[in-house]
Amino acid sequence: MKKLPEQVKRLAAVFVIFLSSVLLIRAYAVPAALKDTDIHRRTAVERETARRPVYAGYTACRDCHDDVFTSRKKGYHRNLSCETCHGPGQKHADDPEATKPIVPRERSFCPVCHTYDPSRPTGFPQVNPSTHNPLKPCITCHNPHNPEPPEAPHECSACHGEIAGMKGLSSHALLDCTVCHTTPEGHKLTPRAVMPSKPEDREFCGRCHRKGAEEKDAPKVDLATHGEKYLCWQCHYPHLPEGMK
Amino acid sequence: MNRRKFLKAAALAVPAAAVPGLAQKALAAAAVTAYDPTKHLYGMGIEINKCIGCGRCMEACKAENNVPKEPFFFRTWVERYTLKNGHGGLAVEGIKPGELKPPAAGGEHHTLKSFFVPKLCNQCQRPPCVQVCPVGATFSTEDGVVLVDSERCIGCRYCIQACPYGARYLHPVTSTADKCTFCYHRVVKGLLPACVEVCPAQARVFGDFKSKADPLVRFRRMHMLHILKPHLNTEPKVLYADLDGEVR
């Protein structure tokens, strides 16, 4: 066999040293999480789960403040978490004396939820803060833990602002809601349990809109031929009849 | 060492070597009884008809998860949809917590309806963001949450591009991708995600697809459900009730 040339031996030596150092580094210096997907994911999940919560959760407050829980039980705010208004409370739960949760008393706080906005679901209590007892802090009349209004709302628009606003622009603007809806007193206290009435038949609209009806300003149609089998409100939205052109 | 001695030593050595292994297994078993990710598959239900657009979910998420305060970094956000009469009359805008500006009235067409849509990472069962990550930094956990390992993420933004829901952003401090984790650190402790915890209208429902009795089960039973962009086959685990088809 021919003897290997010197430079090949040296190259081989360099190659062996390089390869073994790569293997050594991989074996000892590279963390296991970089080589094994399972280990990597487990360490990443562990790191994630080790984070401390900032919000303590609704059960944490109950341990000390059970009196507030009892007073809230039947109020409109019964489903709210304490931390919705009082802010993150884990620090307060860890050391009640050192950190106190926020207590929002200023008038700007409640309107974040309760200002009238047309995109808000109808039935959600909404007010116009610039006309609703201006400058008075909300908590002078409403107890936030059981925010029953001091007196039942007189106007339907207190909760149905979107419909009221639309009706105000329509040709039904001058009609009271009660012309078409009889509203039991209970609706103001338990809105979803006691519902107001709705018109049931064509003749109801016909009281003003049939031919020969006494109401002068209402446009008249012949109930016998107009609209055939349909009920009036299947085409005309009564809160915005004929829409805005 | 003769054969007898070797066999004796071997007979002793085998159980001795097994003891630490067994101990490790026992420890692992104890951890499993504490929290077993294979027994859960988390999801969220969102009821459009209940959202009042107050933005408290956005604020709570930022406080819980160290999301930068700037108004363009979000793990969860709320959009206002306004549908106008006539074809294609749709306006979408993000809201700022506590600074609602009603949609402009008037114009050519009148408003048919308007509503809020809370959005967050859909925690897809087939997540496009996981597919495109070149370094394997983002992955699905066994309980169905897509996480980002911020120590492995190289900040290449592929996942941000790939997410069809726009649920990811690049965290300006760490320069890594960041996204909703369903508040994983809370959920494994039995707490609710921060956004669900603070929602004053109960528009968000958190639950477990593998549970037989929990709020999400009732939510799925009682509502007609919809997911965002179903044609992409991402299989989202965030379900919407009473969602308008216009919402993407």
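**Close-up views of a predicted two-chain model**

**View 1. The contact between chain A and chain B.** The contact draws 28 residues from chain A and 36 residues from chain B; two residues are in contact if their C-beta atoms, placed from the backbone, lie within 7 Å. On the side of chain A that touches chain B, the elements giving two or more residues are α3 (37-49), α6 (82-86) and α8 (111-114) of chain A. Here helices (H or I, at least four residues) and strands (E, at least two) are DSSP runs, numbered from the N terminus. The largest share of this side, six residues, is supplied by α3(A). By residue type, the side of chain A that touches chain B comprises 13 nonpolar, nine polar and six charged residues (nonpolar: Ala, Val, Leu, Ile, Met, Phe, Trp, Tyr, Cys and Pro; charged: Asp, Glu, Lys and Arg; polar: the others, Gly among them).

The model is predicted: local features need pLDDT of at least 70 and side-chain atom pairs count only at pLDDT 80 or more, while totals for chains, interfaces and linings use all residues. Residues are numbered from 1 along each chain as its sequence is written, and chains are lettered from A and ligands numbered from 1 in the order in which they are written.

**View 2. The open sheet of chain B.** Three strands form an open sheet in the order β3-β2-β4 (chain B), with antiparallel pairing; two strands pair if DSSP finds at least two bridges between them. Because β3 (90-94) and β4 (111-120) of chain B stand at the edges with a single partner strand each, one side of each has no neighbour in the sheet.

**View 3. The pairing of β2(B) with β3(B).** Strand β2 (residues 76-84) of chain B pairs with β3(B) in the antiparallel sense over five bridges. L83(B) has L90(B) as its bridge partner in β3(B).
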